[in-house]
Amino acid sequence: MDDEGREPLRAVEIMTLLNVQRVAVVGTGVIGASWAAYFLAHGLDVNATDPSPGAEGRLRDAVAQHWPTLQRFGLAEGASIDRLRFHDSLEDAVSVADFVQENGPERMDFKIDLFSRMDAAAPPETILASSSSGLAISGVQSGCAHPQRVVLGHPFNPPHLIPLVEVIGGEKTSTEAIERTMAFYAAIGKRPIHVKREVKGHIANRLQAALWREAFHLVNEGVASVADIDTAIAHGPGLRWAVMGPFMNLHLSGGAGGIEHVLAHLGGPIEDWWKDLGAPSMTAVLKQKVTDGVAEELGTRRTADLEAARDALLLNLIRAKADTGKLD
């Protein structure tokens with residue numbers, strides 16, 4: 001019940017109010033197929049399109065592979081794989097869509113042309129969202145006649161499991177489009193954040209890049225092996241980061257004094273560490289060191305087995321966080 005004693009709106013009711021019942025998934029590679037499965041699991045109709053040979057078969061196989069995991073999460077009323085339709089024509093796929101999630105190649109020229117075509121074919125009220133992990137949405141929308149409805153809706157891989165979506169508007173995106181996009185993602189169980197200014201790589205990828213930069217530096221300098229660095233994160237701060245973010249973790253490190261105590265006592269040392277962080281170049285030698293290190297760490301394990309184990313643990317973790325409900 002809400003504060004006035006009413007039953008809270010269900011996701012399907014919210015999506016009805018938002019007029020979103022059919023989503024077009026444009027580009028059905030790893031990210032697009034994961035999105036398609038997620039939308040289907042939340043009771044939506046999905047129009048999918050991808051010009052690659054054999055794309056429909058690969059998409060249906062991927063959705064079938066993701067479905068048992070989504071069933072364990074719990075399917076929305078009416079959710080069914082049978083609500084997936086594949087279209088050879090981009091225009092046919094988006095012409096009756098209430099929301100479009102694009103997942104094409106990370107090339108600005110390609111995106112500009114693709115969004116121009118989608119803008120011409122989609123109904124005027126339909127939001128056009130890109131999953132781009134690094135491109136500025138201002139550039140993507142530059143060829144559109146209706147740029148106000150073009151947004152960035154960047155998921156984290158795999159989208160059918162990871163809740164985060166970064167929502168960013170371009171120079172010509174309307175406030176209404178941002179609000180509708182945030183509401184839609186929230187209604188289907190995502191955790192959208194509004195990135196208020198366009199920056200390369202958005203937010204989470206920039207934070208990852210900062211960690212990768214130092215990880216590659218430590219390998220390059222012979223400080224630690226690839227496996228040891230993975231262990232240091234996965235069995236150290238990574239466990240805390242899975243529960244809450246860097247600022248809240250830092251706050252808890254200060255005990256009763258909280259973040260103010262931490263900054264008063266460790267602010268100087270932290271700044272000294274910043275100054276000592278590396279700035280490696282992605283040389284052929286460094287690439288080979290990391291490639292060899294990953295191969296050694298992987299050993300005889302199959303990548304598919306690691307993915308399955310990762311997804312099972314993620315499912316349990318996400319469920320546990322939802323059940324606790326005190327750390328948001």
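This is a predicted model: local features need pLDDT of at least 70, side-chain atom pairs count only at pLDDT 80 or more; totals for chains, interfaces and linings use all residues.
H154 belongs to strand β6. Setting aside residues within four places in sequence, its contacts are S130, S131, S132, S133, L164, V165, E166, H202 and N205. One of these, S130, is 24 residues away along the chain, yet the two C-alpha atoms are separated by 6.7 Å.

How does β6 sit against the strand that carries this part of the chain? Strand β6 covers residues 150–155 and runs parallel to β5, with three bridges joining the two. Within that pairing, S130 stands opposite L152 in β6.

Now let us step back to the whole sheet. Eight strands make up an open sheet, and reading across gives the order β3-β2-β1-β4-β5-β6-β7-β8, with mixed pairing. The edges are held by β3 and β8 (191–194); each has a single partner strand, so one side of each is left without a neighbour in the sheet. On average, and with direction ignored, neighbouring strands of this sheet are turned by 25° against each other. As background, strands of a sheet pair through backbone hydrogen bonds, either parallel or antiparallel.

Helices pack on this sheet too. Helix α3 touches β2 and β3, and its direction makes about 160° with that of β3. Helix α5, residues 108–121, touches β1, β4 (99–102), β5 and β6. The direction of α5 likewise makes an angle of about 160°, in this case with that of β5.

Which way do the side chains of β4 point? F99 and Q101 point one way, whereas V100 and E102 point the other way, and all of them are buried.

Next comes the nonpolar interior. In soluble globular proteins, nonpolar side chains tend to be buried together. Here the largest nonpolar core has 35 residues, and those with the most contacts inside it are V23, F39, L59, V63, F99, F184 and Y185. At least two residues of this core come from each of β1 (22–26), α2 (30–41), β2 (45–49), α3 (55–73), β3 (84–87), β5 (127–130), β7 (164–169) and α7 (175–187). Helix α2 gives the most, with eight residues.

Finally, look at the aromatic rings. How many aromatic pairs does the structure hold? There are seven. In one of them, the rings of F39 and F184 have their centres 6.1 Å apart and their planes at 35°, so the pair is tilted. This pair links distant parts of the chain, since F39 is in helix α2 and F184 in helix α7, 145 residues apart. Are these two residues buried or exposed? F39 is buried, with a relative accessible area of 0%, and F184 also counts as buried, at 1%. F184 pairs with Y185 as well: their ring centres are 5.7 Å apart and their planes are at 45°, so this pair is tilted too. Y185 is buried, its relative accessible area being 0%.

Ring pairs bring W35, Y38, F39, F99, F184 and Y185 together into a cluster.

Technical notes. Residues are numbered from 1 along each chain as its sequence is written. Side-chain values use heavy atoms; hydrogens and water are left out. A nonpolar core is a set of buried Ala, Val, Leu, Ile, Met, Phe, Trp, Tyr and Cys residues joined through side-chain atoms within 4.5 Å. Buried means under 20% relative accessible area, exposed over 50%, partly exposed in between (1.4 Å probe, protein chains only). Helices (H or I, at least four residues) and strands (E, at least two) are DSSP runs, numbered from the N terminus. Rings of Phe, Tyr and Trp (its six-membered ring) pair if their centres lie within 6.5 Å; planes under 30 degrees apart count as stacked, over 60 as edge-to-face and the rest as tilted. Two strands pair if DSSP finds at least two bridges between them. Axes are lines fitted to C-alpha atoms, for helices over the stretch in contact, and angles run from 0 to 180 degrees between N-to-C directions. Contact means heavy atoms within 4.5 Å.
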